[in-house]
Amino acid sequence: MTKELERASPAPVEQEEGVPVSVKIRERLRAQGRRFNANDNIADCLEPGDLDRLLDEVEAKMQGVLDSMVIDTAGDHNTRSTARRVAKMYLTEVFKGRYVPVPAITEFPNAEHLNELMIVGPITVRSACSHHLCPVIGKVWIGVLPNQNTNVIGLSKYARLVDWVMGRPQIQEEAVVQLADLIMERTQPDGLAIVMEASHFCMSWRGVKEMDSKMLNSVMRGVFLKDANLRREFLSLIPRRSS
Ligand SMILES: Nc1nc2c(ncn2[C@@H]2O[C@H](COP(=O)(O)OP(=O)(O)OP(=O)(O)O)[C@@H](O)[C@H]2O)c(=O)[nH]1
């Protein structure tokens, strides 16, 4: 392209004034050919200050939702700051797992060359379904068969990884797979087993209004897939789940 043509071209969206920050972020994601589904993490496409600008943008859109629901947020003292509260809750609390990088994981040398089954749980699951953004609350158990040559990670880190993956709008089937992929990638054990049990408020608070049903699902990787005895041992060691 000649210098003249370059000058004549419209400014890239990054430099345009008044372009919503979400549009700029989407452009960066598309330029990298990246997916940005509800349960994807996009932290590495955010620039300094973007999250604050997103907060302002989501607040303005939430205010529009409240206005369209014919709620008098100016007169009603209870909802005066609701748009800001909801924006903060989505971006910095319940869906934080989309906007912050993966937690740092401390690794310790596997000095004793441990290769026995280890189970951690129940770890609390707090999420929301991608369909209605209703809460999903439950528990997860993680079983690891370490590899005698790989490092050991601190126990609390499993809970931090669960929190990071579940802090996005999710569906349970995809959440357990994302969690398994992450733990496999980070710790490279010989085997990994995950069982999740959760209540979906989209089924109890609304819709079919079924109060007691839960969804249980599992994912097995590595030796857990091949070794039925190991699978049985893991399942038998998980404390009796809530009724
Ligand atoms: N498979 C799966 N389904 C889920 C999960 N979370 C919520 N759902 C369901 O996803 C469906 C949402 O899509 P639709 O069926 O289009 O929603 P709807 O018409 O409002 O459905 P109702 O909930 O039956 O009123 C509902 O059946 C939810 O119960 C999940 O983690 N996994």
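Val70 is in the loop between helix H3 (50-68) and helix H4 (82-94); helices (H or I, at least four residues) and strands (E, at least two) are DSSP runs, numbered from the N terminus. Check its backbone too: phi of Val70 is near 55°, positive although the residue is not glycine. Most residues other than glycine have a negative phi, and most peptide bonds are trans.

A word on what you're looking at: this is a predicted model, where local features need pLDDT of at least 70 and side-chain atom pairs count only at pLDDT 80 or more, while totals for chains, interfaces and linings use all residues. Residues are numbered from 1 along each chain as its sequence is written.

Next, jump to Gln188, in the loop between H6 and S6. Its phi is also positive, near 45°, and Gln188 counts as partly exposed, with 14 C-beta neighbours inside 10 Å.

Now go to strand S2, where you'll find Pro122.

Time for the inside. Which residues of the largest nonpolar core touch the most other members? Pick Val140, Val162, Leu179 and Ile194, out of 29 residues in that core (a core is a set of buried Ala, Val, Leu, Ile, Met, Phe, Trp, Tyr and Cys residues joined through C-beta atoms within 7 Å). Strand S2 (118-129), strand S3 (135-145), helix H5 (155-166), H6, strand S6 (191-200) and helix H9 (228-237) each give two or more residues to this core. Centre on Leu179 and you'll see it touch Leu161, Val162, Val165 and Ile194, leaving out residues up to four places away in sequence; contact means C-beta atoms, placed from the backbone, within 7 Å.

Then show the ligand. Around it are Cys129, His131, Ile171, Gln172, Glu173, His200, Cys202, Met203, Gly207 and Val208, where near means a C-beta atom, placed from the backbone, within 6 Å. Helix H6 (172-187) and helix H7 (201-204) each supply two or more of these shell residues.

Finally, colour by domain: domain 1 is 3-98 and domain 2 is 107-237, with bounds from an automatic or database domain assignment. Their contact takes seven residues from domain 1 and 12 residues from domain 2.

Terms used:
Contact = placed C-beta atoms within 7 Å. Buried ≥ 20, exposed ≤ 12 C-beta atoms within 10 Å, placed from the backbone.
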